[in-house]
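Hi,

Here is the structure I promised to pass on to you. Have a look at it first, and then read my notes below.

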Amino acid sequence: MSISSEDQRIRQLRPAKRPLDAWRPIGVQQEVERNAEGDLVPCATIFLTGRECPFTCVFCDLWQYTLDGPTPPGAIPAQISQAFEDLGEIPSGATIKLYNASNFFDDKAVPRADWSAIAELLTSCSRVVVECHPRLVGDGCREFAELLQGRLEVAMGLETVHPVALPRLNKKLSLESFGRAATLLQSFGVGIRSFVLVGAPFIPEAEMVEWAIRSVDYAQQHGSKMVSLIPVRSGNGEMQRLADLGVSSPPTVKLLEEALDGAMRLDQGVVLADLWDAENLGGCSECRRARIERMDRLNRDGSGQPPVTCPVCDRAD
Ligand code: SF4
Ligand SMILES: [Zn+2]
């Protein structure tokens, strides 16, 4: 895919990228995650270093964890081996997420010649999650799934179903292409999880929660058993420009929590709030910690958490 003039404009507004070692993962993380059956399962995420995603979404903050050129052959298996050493013992049957801040099924990001070596390293895992733009979902997903002992799950960014915002995100994604990818993955027996934005630009603040919930509903209707709500983060030059134009405002912790509560009420599958860096979201400082802790418990338990009542912002409402 070639880089358009709009992509170039967005890229030029970004701060400088720090150089990365193609042979080392960005990091690793161990946690427990609620699966579609409601059980808590051990889960390890390996943040891989690799080629930058060609799509250049206006809100993307993942580019900073990528290489300018193609991922060298052999580098991804080497990074996974390194990550397993760093993690120590991985419980048998764990879920492994291979997140490469890009698209697993882009041959320049994860060379196909490395797939067998990758699958070999993951034989003890019951579930392998990779991320990919819906337009790059194709037969390769089935071929990689067949190499694995465990089940493949593909995480796709739906972002929003808002009819004005989605085309303006520069993701080059339509609801039709998301639906096509979801249908294809289901026909392969591959699992689907989705990312939905909270606070997407071009959506009025008063409608952000409603559109996040509608987007979760759409993803679930298209086979997503898990949906992660991602609060849009600033720090990307284009997002600052959109904020200055008055068409983007950063989501608050309370907004994320309202979206999580509303999406959980749909009761159609697991919905998680992405709490990475949540401390830096805007909003009332009086109740921020309590709301983050409540969402953390909801991520684990799924329900049954009494609402946070804040003497400052609830009175202001
Ligand atoms: S598709 Fe994902 S990784 Fe690629 S530019 Fe968009 S947000 Fe970033
Ligand atoms: Zn408050």
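What follows is a short tour of what I found in it.

Please keep in mind that this is a predicted model.

Let me start with the ligand. The shell around ligand 1 includes three cysteines, Cys53, Cys57 and Cys60. Phe55, Thr56 and Leu62 are also around the ligand, together with Ala101, Ser102, His133, Gly157 and Lys171. Sorted by class, this shell holds six nonpolar residues, four polar ones and one charged residue.

Next, the strands. E9 (residues 226-231) runs parallel to E10, and four bridges join the two. Within this pair, valine 227 sits opposite valine 271 of E10. Strand E10 covers residues 270-273: Val270 and Leu272 point one way, Val271 and Ala273 point the other way, and all of them are buried. In a regular strand, side chains alternate between the two faces of the sheet.

Glutamate 159 is not a glycine, yet its phi is positive, at about 70 degrees. This glutamate belongs to strand E7 (residues 151-159). Is glutamate 159 buried or exposed? Glutamate 159 counts as buried because 22 other C-beta atoms lie within 10 Å, where the cut-off is 20 or more.

Aspartate 277, again not a glycine, has a positive phi of about 70 degrees. Its place is the loop between E10 and helix H10 (288-301). Aspartate 277 is exposed, since it has 11 other C-beta atoms within 10 Å and the limit for exposed is 12 or fewer.

Best wishes

Methods:
Residues are numbered from 1 along each chain as its sequence is written. Chains are lettered from A and ligands numbered from 1 in the order in which they are written. This is a predicted model: local features need pLDDT of at least 70, side-chain atom pairs count only at pLDDT 80 or more; totals for chains, interfaces and linings use all residues. A residue is near a molecule or strand if its C-beta atom, placed from the backbone, lies within 6 Å of it. Ala, Val, Leu, Ile, Met, Phe, Trp, Tyr, Cys and Pro count as nonpolar, Asp, Glu, Lys and Arg as charged, and the others, Gly among them, as polar. Two strands pair if DSSP finds at least two bridges between them.
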